[in-house]
Amino acid sequence: MLQVAALAYNRDGHGAPPACRYMDLLAIFPLTNFLAAALLVTEVRAKGTGHYFGAMLTAACWVGALSVGLWQETAKDFRGWLPGYLAAQLASERNTRGYMHTGDFTRYLAGKTTEEIPFPRPEGLAEFLNDRTIRGFLPADVRIPLPVAMTEVEGGAAFVRDGFPPGMVTPPGTTAWGSYPGREGTVHGSVQEAGTSTTAKGLPYLQFQFAGNLGEPGLHFVLQDVRTGRQVDWQPARVAHEGWHGEDLRRPGTDLRLIASDARAEKWFAFTEPVEMGGWSHWAGWVLRRSVVVFWAGWGMAI
């Protein structure tokens with residue numbers, strides 16, 4: 001109670017409840033109080049039935065009050081706070097990505113609130129994002145894609161810029177090539193390194209966005225290391241069809257060439273410029289894609 005009173009007095013927020021980050025200090029209290037209640041019930045058992053049932057009733061009332069409060073707070077968070085927080089995070093991501101790709105401070109950062117950018121001061125955020133060292137370890141969601149220089153080969157180009165169905169749009173902040181409608185031919189392209197200062201040689205994954213029929217016979221997407229000749233003929237676990245689907249491909253080297261081929265006129269696929277990604281980010285995404293399993297595993301461990 002003293003801890004709660006101290007928080008209420010010193011971090012009152014002009015009448016608002018303390019920020020959620022201060023709840024970490026309070027989260028340990030329900031656990032310790034539950035153990036204290038169990039210990040109390042155990043110790044008064046020897047004092048007689050009246051004491052025992054009195055302790056049980058007190059513990060039950062406390063558990064009931066805690067459960068009602070937790071239910072109310074959880075419902076309030078899922079209905080109000082979390083949707084608003086998600087919208088703010090997506091806005092911050094869009095504005096940061098837009099500034100990274102265009103350098104347009106006026107359009108993407110100037111005058112933005114703390115719910116629209118991930119830093120209180122737009123000028124300070126621009127200063128951080130302009131730093132070449134910081135650009136080297138930004139998350140994949142806002143990194144500048146590696147430029148891909150497509151080169152036609154004999155027989156004509158099967159892949160053209162924005163070569164996908166009219167109803168689709170390119171994912172924000174990148175360029176895409178596709179073979180819609182499919183034509184026989186092969187296009188070689190080089191994934192050019194964006195300079196030693198902005199390209200992290202230690203990032204082992206490239207994140208592409210794919211659409212179309214890749215994964216079916218006759219369609220291939222190959223990453224090749226120019227120096228060693230090592231290559232990966234990658235096929236997705238599922239066909240994306242007319243929707244973009246992100247995939248993390250482990251790079252076979254640093255100086256890469258991609259080879260896209262479509263030998264079926266009735267089929268097509270498209271891909272975007274790749275974004276570098278670190279190993280830990282790749283595995284974090286792997287866990288997030290299985291969040292339902294993690295959720296129920298957590299409940300199982302709690303029970």
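Trainee: Are F159 and F269 buried or exposed?
Mentor: Keep in mind that this is a predicted model. A residue counts as buried under 20% relative accessible area. Both F159 and F269 come out as buried.

Trainee: What kind of aromatic pair do the rings of F159 and F269 make?
Mentor: Their centres sit 5.0 Å apart, and pairing needs centres within 6.5 Å. The planes meet at 65 degrees, and over 60 is the cut-off, so this pair is edge-to-face.

Trainee: How many residues apart are F159 and F269?
Mentor: The pair ties together distant parts of the chain. F159 is in the loop between β1 (148–152) and β2 (160–161), while F269 belongs to strand β10 (residues 269–272). That puts them 110 residues apart.

Trainee: Which residues join F159 and F269 in a cluster linked by ring pairs?
Mentor: The structure has 16 aromatic pairs in total. Ring pairs bring F159 and F269 into a cluster with W177, F208, F210, F221, W234 and F271.

Trainee: Is W296 buried or exposed?
Mentor: W296 pairs edge-to-face with F295, at 5.0 Å centre to centre and 80 degrees between the planes. F295 has a relative accessible area of 46%, so that one is partly exposed. For W296 the value is 57%, and the cut-off is over 50%, so W296 is exposed.

Trainee: Which element gives the most to the lining of the largest pocket?
Mentor: That pocket holds about 1500 Å³ of space. Its lining counts 27 residues, with M23, L26, L70, E73 and D77 nearest the centre. Two elements give two or more residues, α2 (23–44) and α3 (49–102). With 12 residues, the top contributor is α3.

Trainee: How many residues in the lining of the largest pocket are nonpolar?
Mentor: Take the other classes out of the way: 4 are polar and 4 are charged. The nonpolar ones number 19.

Trainee: Which element gives the most to the lining of the second largest pocket?
Mentor: This pocket has a volume of about 630 Å³. Of its 24 lining residues, R97, A140, D141, Q207 and Q209 are closest to the centre. The elements giving two or more residues are α3, β5 (205–212), β8 (241–250) and β11 (275–277). The one that gives the most, with 4 residues, is β8.

Note on methods
Residues numbered from 1 in each chain as written. Predicted model: local features only at pLDDT ≥ 70, side-chain atom pairs only at ≥ 80, totals over all residues. Heavy atoms only, no water. Phe/Tyr/Trp six-rings, centres within 6.5 Å; stacked < 30°, edge-to-face > 60°. Buried < 20%, exposed > 50% of the residue type's maximum accessible area, 1.4 Å probe, protein only. 1 Å grid on protein atoms, 1.4 Å probe; cavity = no way out; pocket = protein on both sides within 12 Å on 5 of 7 lines; lining within 4 Å. Points joined across faces, edges and corners; volume = space filled by probe spheres on them. Nonpolar A, V, L, I, M, F, W, Y, C, P; charged D, E, K, R; others polar.
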